[in-house]
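Good morning, colleagues, and thank you for coming. Please look at the sequence and the structure on the screen while I take you through them.

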Amino acid sequence: MNVINLQNVSKSFKRKHVIKPTTLKIEEKKIFGLLGPSGCGKTTLIKLIVGMLKADLGEITVLDRQVPNASLLREIGYMAQSDALYTALTGEQNLEFFAKLFGFSKSERKERIQYASTIVQLTKDLNVPVSSYSGGMKRRLSLAIALIQDPKILILDEPTVGIDPLLKKSIWTELERLKDEEGKTIVITTHVMDEAEKCDHLAMMRDGEIIATGKPLEIKAHYQVQNFDDVFLKIGGGL
Ligand SMILES: Nc1ncnc2c1ncn2[C@@H]1O[C@H](COP(=O)(O)OP(=O)(O)OP(=O)(O)O)[C@@H](O)[C@H]1O
C-alpha cells in the first residue's frame, strides 16, 4: 500500500520552477530516501508532503487524505532542517510542550519523553536549557520531538547532520526497528552516502525533478557505478 502519493505536483517560487511536475508513490513500512545536490528541491518536496507549502498544481494524499489536512498532524512526525526549538526552555520542557499539544496524559507524556530522549541519548541533558546545547544536541532534540506523538510516518530532513558516527549508527538502528517492528514509514533526505545505501527505496532528484527511482542496487546499476559518491558525481555532471 502507498501511504504517500504525489500526482503531477509542481511548485514555483516567483518565476523559479522549484518542483517540476512530479509523480511519486511512497510505500508503507519502508525507509524512502530523497537524494540530490543542494538546492535540487528536496526540502521543498518534503514541505509539500507535510502540508507546510501548497502545491501550485497537482494532488498530494497522505494515508488517503488530501493534503493539507489537520488530522495528518498527528500521523506525521516532521523533523525540519533548521531546528524549531524553544531555546529558553530545557530539552524536557520542549518535549513536554509538544507532547501536550498532542493531548497525552501526564503519565503518557512521561513515558513518551523517556522513550524519545533515550533514542537520541539526551536523557542526561534534559534539564539543561536548549540555548546551551551544541548543534548536534539540537538535532537530536528535534528528532525526539518528531517521535514524540508516535506518528505512523516520519519525515526527516537531513536528520543526522552534525551527529557523531556512533550516535548516527544507533539512530539508524532505531529507524530500522521502527520500520520493522512498528510498521512506520520513514522518508529521509540525505547527502550521506552510507545512509543512501540503507534506504529501501530511493528517489534521485536534480533541478526540481525526480530523475531516477529504485532500490539502492538498482540506482547504482542505472548509473553503472559502485557507490553513491559516483552516483552524485554523475548527477552533478549532467547525466
Ligand atoms: N521560500 C522560498 N522562496 C524562494 N525560493 C526558494 C524558497 N524555498 C526554496 N527556494 C529555492 O528552491 C530551490 C530548492 O530549495 P530546497 O531547499 O528545496 O533544496 P534542497 O534540495 O533541500 O537543498 P539542500 O540539500 O541544500 O537542503 C533552491 O533554489 C532555493 O533557493
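Asp-150 is not a glycine, yet it has a positive phi of about 55°. Its place is the loop between α4 (135-147) and β7. Helices (H or I, at least four residues) and strands (E, at least two) are DSSP runs, numbered from the N terminus.

Residues are numbered from 1 along each chain as its sequence is written. The model is predicted: local features need pLDDT of at least 70, side-chain atom pairs count only at pLDDT 80 or more, and totals for chains, interfaces and linings use all residues.

For context, most residues other than glycine have a negative phi, and most peptide bonds are trans. Asn-8 is found in strand β1, and it counts as exposed, with 12 C-beta neighbours inside 10 Å. A cis peptide bond, with omega about 0°, joins Val-67 and Pro-68. Pro-68 belongs to the loop between β5 and β6 (76-79).

Let us turn to the sheet that contains β1. In which order do the four strands of this open sheet stand? The order is β2-β1-β4-β5, and the pairing is antiparallel. The edge strands, each pairing on one side only, are β2 (16-27) and β5 (65-66). Two strands pair if DSSP finds at least two bridges between them.

Strand β1 (residues 2-13) is joined to β2 by eight bridges. Asn-5 has Lys-25 of β2 as its bridge partner, and Lys-11 has Ile-19 of β2. The hairpin of β1 and β2 has two residues between the strands, and Lys-14 there takes a positive phi near 50°. Five bridges join β1 to strand β4 (residues 57-62), again in an antiparallel arrangement. There, Gln-7 stands opposite Glu-59 in β4.

Next comes the surroundings of the ligand. The residues around the ligand are Phe-13, Val-18, Gly-36, Ser-38, Gly-39, Cys-40, Gly-41, Lys-42, Thr-43, Thr-44 and Gln-81. Here a residue is near a molecule or strand if its C-beta atom, placed from the backbone, lies within 6 Å of it. By class, this shell has three nonpolar, seven polar and one charged residues. In this scheme Ala, Val, Leu, Ile, Met, Phe, Trp, Tyr, Cys and Pro count as nonpolar, Asp, Glu, Lys and Arg as charged, and the others, Gly among them, as polar.

Which helix gives the largest share of the shell around the ligand? That is helix α1 (residues 42-50), with three residues. Seven of the nine residues of α1 are buried, so this helix is largely enclosed by the rest of the structure. The buried residues include Lys-42, Thr-43 and Leu-45. Just after α1, Gly-51 takes a positive phi of about 95°.

Another buried residue is Phe-32, with 21 other C-beta atoms within 10 Å. Phe-32 is placed in strand β3 (residues 31-35). Leaving out residues up to four places away in sequence, Phe-32 touches Ile-26, Ile-186, Val-187, Cys-199, Asp-200 and His-201. Contact between two residues requires their C-beta atoms, placed from the backbone, to lie within 7 Å. The C-alpha atoms of Phe-32 and Gly-214 are separated by 9.8 Å, although these residues are 182 residues apart along the chain.

Finally, the domains. The domain assignment of the protein chain gives domain 1 (2-75 + 153-236) and domain 2 (86-150); such bounds come from an automatic or database domain assignment. The C-alpha centres of domain 1 and domain 2 lie 25 Å apart. Their contact takes eleven residues from domain 1 and ten residues from domain 2. On the side of domain 1 that touches domain 2, the elements that give two or more residues are β7 (153-157) and α5 (165-182). The largest share of that side, three residues, comes from α5. The residues of that side of domain 1 divide into seven nonpolar, one polar and three charged.

Notes
Buried ≥ 20, exposed ≤ 12 C-beta atoms within 10 Å, placed from the backbone.
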